[in-house]
Protein chains: 2
Amino acid sequence: MKLAEATSTFIPRIEDELRSLLEVRTPSAARHYEIMQYHMGWRDPELKPAQASSGKRIRPLLCVLACMDAGGDPSQALPAAAGIELLHNFSLVHDDIEDNSSTRRHRPTAWSLWGVPIACNVGDGMFSLAHLAFFRLLDRGVSQRAVLSAVKSFVEMNLALTEGQYQDMSFEERLQVSVKDYYAMISGKTGALLAAASEIGAIIAGATGDSLRNYREYGAALGRAFQLQDDILGIWGDEQETGKSTANDILSKKKTLPVVIALNHPDVGRRMRTLYAGPRFEPDDVPAVLSLLDLAGARQATEQAVKEATARGHAALQRLDEVGASSAHELLIELLNTLVSRRS
Amino acid sequence: MKLAEATSTFIPRIEDELRSLLEVRTPSAARHYEIMQYHMGWRDPELKPAQASSGKRIRPLLCVLACMDAGGDPSQALPAAAGIELLHNFSLVHDDIEDNSSTRRHRPTAWSLWGVPIACNVGDGMFSLAHLAFFRLLDRGVSQRAVLSAVKSFVEMNLALTEGQYQDMSFEERLQVSVKDYYAMISGKTGALLAAASEIGAIIAGATGDSLRNYREYGAALGRAFQLQDDILGIWGDEQETGKSTANDILSKKKTLPVVIALNHPDVGRRMRTLYAGPRFEPDDVPAVLSLLDLAGARQATEQAVKEATARGHAALQRLDEVGASSAHELLIELLNTLVSRRS
């Protein structure tokens with residue numbers, strides 16, 4: 001099986017699982033659920049049914065593939081996969097509020113359409129539904145022990161996610177952000193969710209011990225590579241392809257790895273820090289930042305870091321291969337390679 | 001045992017459980033946890049250790065007492081009790097954002113001190129920690145089956161809470177809110193959490209079937225009585241005692257039961273709706289609203305509703321008594337009676 005085939009097999013089933021999770025449960029709170037559906041890409045701003053771009057669904061796919069790789073039945077993992085995707089989307093709804101972002105995936109964000117109070121609460125509802133999804137595992141024959149273990153991994157990841165988001169926001173007020181600080185932040189903000197997705201898939205397949213740790217490590221490495229690629233695309237990506245405004249990533253003074261590298265660079269660091277210590281950026285400031293990033297070699301250094309993270313992911317798969325636990329190995333390799341070479 | 005004795009026995013142990021849950025887990029995200037601790041009343045606005053008023057801790061107490069009443073060991077319920085209290089406090093942090101409230105328990109709210117982005121994420125962290133608390137039940141010898149059942153009840157309650165909050169916010173834009181709508185809203189916003197607190201305590205004690213349903217019903221009735229009393233205090237309570245601004249509840253046009261009764265009243269309804277349809281209230285508008293509430297007999301009607309909810313709670317306890325499942329019965333009766341006669 002190729003990744004494209006796995007994607008076209010599982011994504012529609014994950015989508016069905018998500019849709020049934022997000023059905024209106026209480027008529028008098030219909031709009032609460034319809035706004036969740038809007039965020040997922042299934043409704044337009046008037047809340048009429050629609051089909052907008054809905055994100056890449058990488059996290060749930062990873063969960064299903066890890067389950068398969070560890071010798072499990074991928075169908076059993078679908079509810080957990082849906083819960084993981086929903087958790088990711090909850091975090092986007094709140095991140096959009098916290099980052100004051102008015103656009104995501106070429107569409108207005110929930111808070112920009114319905115206000116912060118409604119959107120904050122919609123996020124909380126998605127958060128609850130994400131947890132509720134895991135109880136469907138019991139109906140698919142997953143053992144109580146495995147469900148408890150999966151939910152615990154999920155909850156610990158949620159907490160790590162808020163730590164990562166806290167660190168990300170605190171970076172906005174700081175000029176002294178080291179590369180180490182940066183990695184701690186993304187390990188919470190992106191790595192934790194992908195590590196948990198991979199681990200939870202393996203838990204459902206019955207994996208334990210070293211095997212489980214390697215699935216976790218693979219997911220964490222994939223998460224790091226993915227985030228670093230995101231940092232590159234957020235500055236040098238094609239706005240038409242990514243659906244995100246490039247200037248926004250710089251205007252908001254986000255401390256992505258290229259920026260952190262330049263802030264700490266022996267030659268351009270001082271000028272970079274002066275720029276970042278100054279008042280709010282205007283669009284006119286963007287070229288100066290880009291030129292300092294260039295002088296610092298920030299793009300190449302970040303590309304090198306992507307390569308290293310990718311190698312870590314491959315090494316984890318290699319270790320799993322040695323214990324013969326891999327039946328969807330090619331897919332996990334292809335997933336990693338696809339993510340790090342993506343353009344959007 | 002009297003309620004005062006049970007309170008002084010269990011509240012400090014619940015507090016210890018809460019404090020150990022909210023310890024700083026990651027030094028680089030220390031402030032993330034310290035802001036949670038501020039909200040709980042353990043730190044001042046400079047985040048130095050302090051002891052401020054911290055709420056009544058009714059929900060965790062109910063959880064522990066229900067466990068005891070159902071024949072369980074109350075110590076086993078402590079982690080769940082702490083999780084329930086933490087969930088309640090998460091919802092307050094987000095409600096304060098959503099209701100634009102700058103004061104709670106005589107202190108500035110988290111968002112008013114650290115901004116909406118930080119506070120929203122702090123709430124999400126508390127939400128995750130509330131779930132994490134339940135995994136401590138396994139260390140106290142609670143069975144996997146009971147833990148799964150408790151977490152499921154908890155998660156379903158969380159979702160109901162967001163529905164209730166959605167309805168509460170949607171009422172702000174509506175003049176047509178029936179008494180039935182009102183009860184649907186508070187059953188999510190207040191009833192669900194107290195129903196779950198009581199149910200979860202009983203689950204930990206091993207209760208099932210009818211017995212469990214009666215614990216749930218007792219908690220739901222207590223929640224309703226509690227909320228109705230809150231509505232009364234929010235309008236006619238002593239600001240010095242409640243720590244909340246009376247005018248604020250009317251100024252924000254909150255659809256509490258007294259207001260809903262007056263809006264639907266055959267004589268004063270029209271005038272009340274005209275007032276509520278008009279522009280934002282100024283402090284000068286408050287006396288006119290108070291006088292219409294008076295003419296509608298809204299206070300007496302709400303007091304009557306408190307009595308009915310209290311009777312429902314007593315009836316649920318009576319049914320539990322008949323099957324001989326009650327060993328902390330007097331305490332649950334006293335808890336109900338205390339809550340409905342409180343002044344703050």
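The model is predicted: local features need pLDDT of at least 70 and side-chain atom pairs count only at pLDDT 80 or more, while totals for chains, interfaces and linings use all residues. Residues are numbered from 1 along each chain as its sequence is written, and chains are lettered from A and ligands numbered from 1 in the order in which they are written.

**Chain A overall**

- Chain A has 16 helices and two strands (DSSP runs, H or I of at least four residues for helices and E of at least two for strands, numbered from the N terminus).
- Its radius of gyration, 20 Å, is close to the 20 Å that the globule rule gives for 344 residues, so chain A is as compact as a globular protein of that length (taken over C-alpha atoms; the rule is 2.2 Å times the number of residues to the power 0.38).
- The C-alpha trace of chain A spans about 60 × 55 × 30 Å along its principal axes.

**Two helices in chain B**

- Helix α1 (residues 3–21) of chain B packs against helix α4 (residues 78–98) of chain B at an angle of about 70 degrees, with axes 9 Å apart (axes are lines fitted to C-alpha atoms over the stretch in contact, and angles run from 0 to 180 degrees between N-to-C directions).
- α1(B) and α4(B) are therefore roughly perpendicular to each other (65 to 115 degrees).
- Among the residues in contact are B:Leu18 in α1(B) and B:Leu86 in α4(B) (C-beta atoms, placed from the backbone, within 7 Å).

Key
Angles under 35 degrees count as roughly parallel, over 145 as roughly antiparallel, 65 to 115 as roughly perpendicular and the rest as oblique. Two residues are in contact if their C-beta atoms, placed from the backbone, lie within 7 Å.
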